[in-house]
Amino acid sequence: MYTETEMRSLYQCFARILEYPAGGTLQAAIKAQGLLIDEDPASAAQLKEFHDYAASLPPGRLEEVYTGTFDLDAACHPYIGYHLFGETYKRSVFLVGLKQRYSAEGFVFPENELPDHLAVILHFLATTHDETQAQEIARDALLPVLDRMTGRAKSEGFDEDENAEAPKAEEESEKRTQFHGVLEALRSVLQNQFQVLTVLEPSA
């Protein structure tokens with residue numbers, strides 16, 4: 001298991017990697033590798049692969065890959081409430097609850113972003129002083145959504161979409177990018193930290 005300080009650093013690194021690229025992505029990948037190399041070498045290798053890939057891209061290409069992965073792929077939308085509740089009243093309640101938690105701790109997130117964006121929540125987990133609350137959010141909200149984003153489970157916002165033309169998870173799996181490896185690494189970190197049994201694995 002990781003110490004509280006290590007987890008805060010890991011949350012911060014994954015937040016940097018999984019937010020829209022604006023500088024600091026490569027440095028975060030390197031730092032996360034160092035934190036994971038002994039405890040979770042497979043995840044460290046995934047982050048190295050991501051780093052090497054991102055470092056090899058021409059200017060502007062990583063941003064395009066990010067948009068293609070998270071903005072244009074419904075199966076991988078980076079909004080936790082979307083996957084947990086779909087576009088329903090429950091998601092609105094979830095968003096309000098997150099705002100209240102952020103406000104209570106003086107946490108400020110970008111005005112142009114929703115409070116349930118994956119990177120926003122990770123930044124919050126890196127700074128909150130309420131360890132119990134951090135564990136609840138990571139275990140009960142992030143992990144189930146990461147199962148969906150990595151193709152292991154259904155999303156209320158995607159698989160239950162009434163739009164018959166919406167692509168299915170199997171089709172989306174063919175669109176994997178290096179960011180999916182980052183999501184796998186984050187999922188592994190949370191599973192190990194909270195000792196969650198692996199009961200959902202992708203079908204062969």
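Reader: How many cavities of 30 Å³ or more does the count come to?
Author: This is a predicted model: local features need pLDDT of at least 70, side-chain atom pairs count only at pLDDT 80 or more, and totals for chains, interfaces and linings use all residues. Residues are numbered from 1 along each chain as its sequence is written, and side-chain values use heavy atoms, with hydrogens and water left out. A cavity is a set of points, on a 1 Å grid over the protein atoms alone, where a 1.4 Å probe fits but cannot get out. At 30 Å³ or more, the count is one.

Reader: Which helix gives the largest share of the lining of the largest cavity?
Author: Lining residues have an atom within 4 Å of a point; here they are Glu4, Met7, Arg8, Tyr11, Leu125, Thr128, Glu131 and Ala134. Helices are DSSP runs (H or I, at least four residues), numbered from the N terminus. Both H1 (4–18) and H8 (131–149) supply at least two lining residues. Four residues, the largest share, come from H1.

Reader: Is H1 roughly parallel or antiparallel to H10?
Author: Their axes, lines fitted to C-alpha atoms over the stretch in contact, come within 11 Å and cross at roughly 160 degrees, H10 being residues 178–194. Angles run from 0 to 180 degrees between N-to-C directions, with under 35 degrees counted as roughly parallel and over 145 as roughly antiparallel. The crossing therefore makes H1, relative to H10, roughly antiparallel.

Reader: Which residues of H1 meet H10?
Author: Contact means heavy atoms within 4.5 Å. On the H10 side, the residues include Phe179, Leu186 and Phe194. Those in H1 are Met7, Leu10, Tyr11, Phe14, Ile17 and Leu18.

Key: On a 1 Å grid over the protein atoms alone, a cavity is a set of points where a 1.4 Å probe fits but cannot get out, and a pocket is an open set with protein on both sides within 12 Å along at least five of seven lines; lining residues have an atom within 4 Å of a point. Grid points are joined across faces, edges and corners, and a volume is the space filled by probe spheres set on the points. Angles under 35 degrees count as roughly parallel, over 145 as roughly antiparallel, 65 to 115 as roughly perpendicular and the rest as oblique.
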